[in-house]
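The report below takes up a charged residue, the nonpolar cores and the chain as a whole.

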Amino acid sequence: MLPAVLSLALLTSGAACEKEPGAFPSPRPWPTGTYLTWQVQLTGELDLNVDADVFEFDAFTTPVQAVERLRSRGRRLICYINAGVHEASRPDADRFPPHVLGARTGAPDERWLDIREWSALKPILLDRLRLCRGKGFHAVDLDNVDGYLYASGFPLTFDDQLRFNRRVAELVRSLGLSPGLKNNLDQVVALEPDFDFAINEACFLLDECERLSPFIEANKPVFHVEYEIPTVEFCPTALGYGFASIRKDRDLGSWRVACLP
């Protein structure tokens, strides 16, 4: 595991990124017409031997060596960052000014962010993305980019969220990384052109998977996970949609069952 002190040093110094935003080439396109398998693991000792084309790991806790090993095998790496929620346990938590911290999300150490305060949030998010880039990730999962749907403590609107999400996607691209849209199905139609892939949780449980069709129609991958429904009940339909689908426990450890054609 990369020590938290080193992670924080990279974040605050920009040492994880050798170039300024805009100096990197465009993200490498995702393969089209190819069935992809994926794994997401955000807790526990990383299992690098999972049979998957795409891996998603946490920006802060993932060792550089793990990313390098998977890259050497031709795997694609997605970096998880929390874009819309403050987590008190993160090494850069003290960088967020008090006025951008809103209501609690329901988790003990999490609070919604005032996404309208772009000037305050941009440098923090940029350094997180630099950390992803410096560790060798190819893409970014931007979590909690739908705060306008919740009692965030701020009067966030649909348009506030669109503006923030597009700004973050542009920031991701400025570092040569590929931006992914997490959940937020109400804005899929508007945001699909700004994002290279989608990540969805539990669309079968919520009966809303068809709303991800703009990504599939644009030949962009949809990485999907269910937590409660047995694979036998959703895999055939998920494969029909063209999703890369798995079942996981909610702690997002190494256990996984993949939908295979």
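## A buried glutamate and the nonpolar cores

In this predicted model, glutamate 110 is buried yet has no salt bridge, the nearest side chain of opposite charge being that of arginine 90, 7.7 Å away. Glutamate 110 belongs to strand E6, residues 110–113, and its side chain makes a polar contact of 3.1 Å with the side chain of threonine 105. Neighbours within four places in sequence left aside, glutamate 110 is in contact with Val85, His86, Glu87, Ala103, Arg104 and Thr105.

In soluble globular proteins, nonpolar side chains tend to be buried together. Here the largest nonpolar core has 60 residues, and those with the most contacts inside it are Ile81, Leu125, Leu142, Phe164, Phe204 and Phe243. Among the elements that give two or more residues to this core are strands E2, E3 and E7 and helices H2 and H4, while H3 gives the most, with eight residues. Apart from this core lies another, of 15 residues, which include Trp38, Ile199, Phe223 and Val225.

The protein chain has seven helices and twelve strands. Its radius of gyration is close to the value that the globule rule gives for 261 residues, so the chain is as compact as a globular protein of that length.

| Property of the protein chain | Value |
|---|---|
| Radius of gyration | 17 Å |
| Span of the C-alpha trace along its principal axes | about 45 × 40 × 35 Å |

Buried residues make up 54% of the 261 residues, and of the contacts with a separation of 6 or more, 61% are between residues 24 or more positions apart.

Definitions and conventions: Residues are numbered from 1 along each chain as its sequence is written. This is a predicted model: local features need pLDDT of at least 70, side-chain atom pairs count only at pLDDT 80 or more; totals for chains, interfaces and linings use all residues. Side-chain values use heavy atoms; hydrogens and water are left out. A nonpolar core is a set of buried Ala, Val, Leu, Ile, Met, Phe, Trp, Tyr and Cys residues joined through side-chain atoms within 4.5 Å. Buried means under 20% relative accessible area, exposed over 50%, partly exposed in between (1.4 Å probe, protein chains only). Helices (H or I, at least four residues) and strands (E, at least two) are DSSP runs, numbered from the N terminus. Lys and Arg count as positive and Asp and Glu as negative; His and the chain ends are not counted. A salt bridge is a side-chain nitrogen of Lys or Arg within 4 Å of a carboxyl oxygen of Asp or Glu. A polar contact is a pair of N or O atoms within 3.5 Å; within protein, one must be able to donate a hydrogen and the other to accept it, and residues adjacent in sequence count only if both atoms are side-chain atoms. Contact means heavy atoms within 4.5 Å. The radius of gyration is taken over C-alpha atoms; the globule rule is 2.2 Å times the number of residues to the power 0.38.
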